[in-house]
Amino acid sequence: MGSVQVQDFVAGLVGGIASVVAGHPLDTVKTRLQAGQGYGNTFKCVLTVYRNESLTGFFKGMSFPLASIGIYSSVVFGVFSNTQRFLSQLRHGDPAAAPSLTDMTLASIVAGVISVGIGTPVELVKIRLQMQTQPYNKANVKLNSTAPGSPVYRGPIHCLRTIIQKEGIAGVYRGNVAMLLRDVPGYCAYFIPYAMFCDWITPDGSIAPNPFSIWVAGGVAGAVSWAVCTPMDVVKSRLQADGVYLNQYKGTLDCMLQSYQNEGLKCCQEDQKVAYFPEPDQQCGVGEGSAALTKDSHPAPTATAVGTWSMEDSENHTSSIRSKDYFIIKSFTVD
């Protein structure tokens with residue numbers, strides 16, 4: 001493994017850990033709004049969690065994502081990068097060739113599929129712990145375990161072990177279909193708008209966009225991605241929170257139908273204000289906080305340069321990406 005690869009991996013790991021710590025409170029609020037009851041709106045949910053569980057309530061379920069963010073980021077973004085390299089080699093005979101829009105879409109789809117296999121168990125444990133509103137102790141354990149919020153798990157390892165014992169391996173991947181329907185469009189809705197917006201706001205003749213432009217492009221792409229992802233994210237959260245106290249849903253389609261029948265389209269909109277904040281949901285597939293995007297006029301040989309969509313190409317009715325080599329997705333790759 002080269003020194004550049006190690007540096008990229010460490011940078012992604014540190015950035016991922018920081019994003020998890022910073023964004024997990026908002027993720028907890030989002031999960032409570034999606035799968036909980038009686039919270040009303042975002043502000044009321046924040047107050048309720050703080051009053052009943054103090055600040056620690058916002059960080060429930062954080063340890064498992066924190067421990068796995070390095071592996072997740074390395075594998076998923078490594079798959080995205082290497083898939084682009086493979087497609088460029090296949091189409092043009094050169095892995096460093098500028099990826100087309102089709103190549104970016106296919107790479108995003110592959111990364112989304114891979115993310116489900118790695119991320120579903122982590123997301124499941126996180127949500128189960130986030131929905132456990134009472135602390136796990138002898139007094140609380142004696143209470144009715146079917147009451148929403150009553151303590152069931154001591155921590156992430158106990159939670160995972162309990163799920164395997166009661167539900168088997170299939171239980172560990174509860175909600176995987178909903179997560180697949182969320183993550184695959186989510187990756188496409190993030191990377192492609194990001195490239196297009198970066199190209200649009202970069203002045204002609206500039207080698208690279210300034211850091212502020214990259215930050216704005218990431219924010220816009222994240223908002224677009226979450227607008228696409230939120231409906232299926234609600235379904236996924238409800239499926240994964242289900243089964244602890246009650247078994248309300250039979251599957252993804254049943255959850256969608258029940259949610260729509262009971263709440264209408266409101267069920268897909270109640271948490272979007274929270275979701276639009278950059279969030280370290282490492283299973284969402286949008287890459288916020290997990291990919292290190294940096295300016296680099298000469299990308300490292302082990303990372304794939306992500307080109308940007310060219311308006312000139314649109315006018316010429318082509319679907320190629322004009323490569324400016326000014327930012328790369330840093331990932332742990334093995335040649």
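**Grounds for the terms used**

Tutor: Let us begin with Asp-103, which is buried, its relative accessible area being 0%. The model is a predicted one.

Student: Why is Asp-103 called buried?

Tutor: The term buried requires a relative accessible area under 20%. Asp-103 has 0%, so the residue is buried.

Student: What makes the contact between Arg-91 and Asp-103 a salt bridge?

Tutor: A side-chain nitrogen of Lys or Arg must lie within 4 Å of a carboxyl oxygen of Asp or Glu. For Arg-91 and Asp-103 the N to O distance is 2.6 Å, and therefore the pair qualifies. This pair links distant parts of the chain, with Arg-91 in helix α3 and Asp-103 in helix α4, 12 residues apart. In general, side chains of opposite charge can pair when their charged atoms come close.

Student: Why is Arg-91 called partly exposed?

Tutor: Partly exposed covers the range between buried, under 20%, and exposed, over 50%. Arg-91 has a relative accessible area of 46%, so it belongs in that range.

Student: How do you know that Lys-126 and Glu-123 form a salt bridge?

Tutor: Their closest N and O atoms are 3.6 Å apart, and the limit is 4 Å; therefore the pair counts as a salt bridge. Both residues lie in helix α4, three residues apart, which is about one turn of the helix. Lys-126 is buried, as is Glu-123.

Student: What makes Glu-167 and Arg-174 a salt bridge?

Tutor: The closest N and O atoms of Glu-167 and Arg-174 are 3.7 Å apart. This value is within 4 Å, so the pair meets the criterion. Glu-167 is partly exposed, because its relative accessible area of 27% lies between 20% and 50%.

Student: How many salt bridges does a search of the whole structure find?

Tutor: The search finds 14 salt bridges.

Student: Are Val-113 and Ala-107 buried or partly exposed, and how do you know?

Tutor: Val-113 lies in helix α4, and Ala-107 is also found in helix α4. Val-113 has a relative accessible area of 42%, between the limits of 20% and 50%, and therefore is partly exposed. Ala-107 has 0%, under 20%, and therefore is buried.

Student: Why is Cys-159 called buried?

Tutor: Its relative accessible area is 0%, which is under 20%, so Cys-159 is buried. Cys-159 lies in helix α6 (residues 156-172). Between Cys-159 and Leu-124 there are 9.4 Å in space, C-alpha to C-alpha, while they are 35 residues apart in sequence.

Student: What is the phi of Ser-54, and where does Ser-54 lie?

Tutor: Ser-54 has a positive phi of about 60°, although it is not a glycine. The residue lies in the loop between α2 (42-53) and α3. Ser-54 counts as partly exposed, because 35% relative accessibility is between 20% and 50%.

Student: What is the volume of the largest pocket, and which residues lie nearest its centre?

Tutor: The volume is about 780 Å³. The lining has 30 residues, of which Gln-34, Ala-35, Gly-36, Gln-37 and Met-131 lie nearest the centre. By class, 10 are nonpolar, 14 polar and six charged. At least two lining residues come from each of α1 (3-35), α8 (211-241) and α9 (252-263).

Methods
Residues are numbered from 1 along each chain as its sequence is written. This is a predicted model: local features need pLDDT of at least 70, side-chain atom pairs count only at pLDDT 80 or more; totals for chains, interfaces and linings use all residues. Side-chain values use heavy atoms; hydrogens and water are left out. On a 1 Å grid over the protein atoms alone, a cavity is a set of points where a 1.4 Å probe fits but cannot get out, and a pocket is an open set with protein on both sides within 12 Å along at least five of seven lines; lining residues have an atom within 4 Å of a point. Grid points are joined across faces, edges and corners, and a volume is the space filled by probe spheres set on the points. Helices (H or I, at least four residues) and strands (E, at least two) are DSSP runs, numbered from the N terminus. Ala, Val, Leu, Ile, Met, Phe, Trp, Tyr, Cys and Pro count as nonpolar, Asp, Glu, Lys and Arg as charged, and the others, Gly among them, as polar. Buried means under 20% relative accessible area, exposed over 50%, partly exposed in between (1.4 Å probe, protein chains only).
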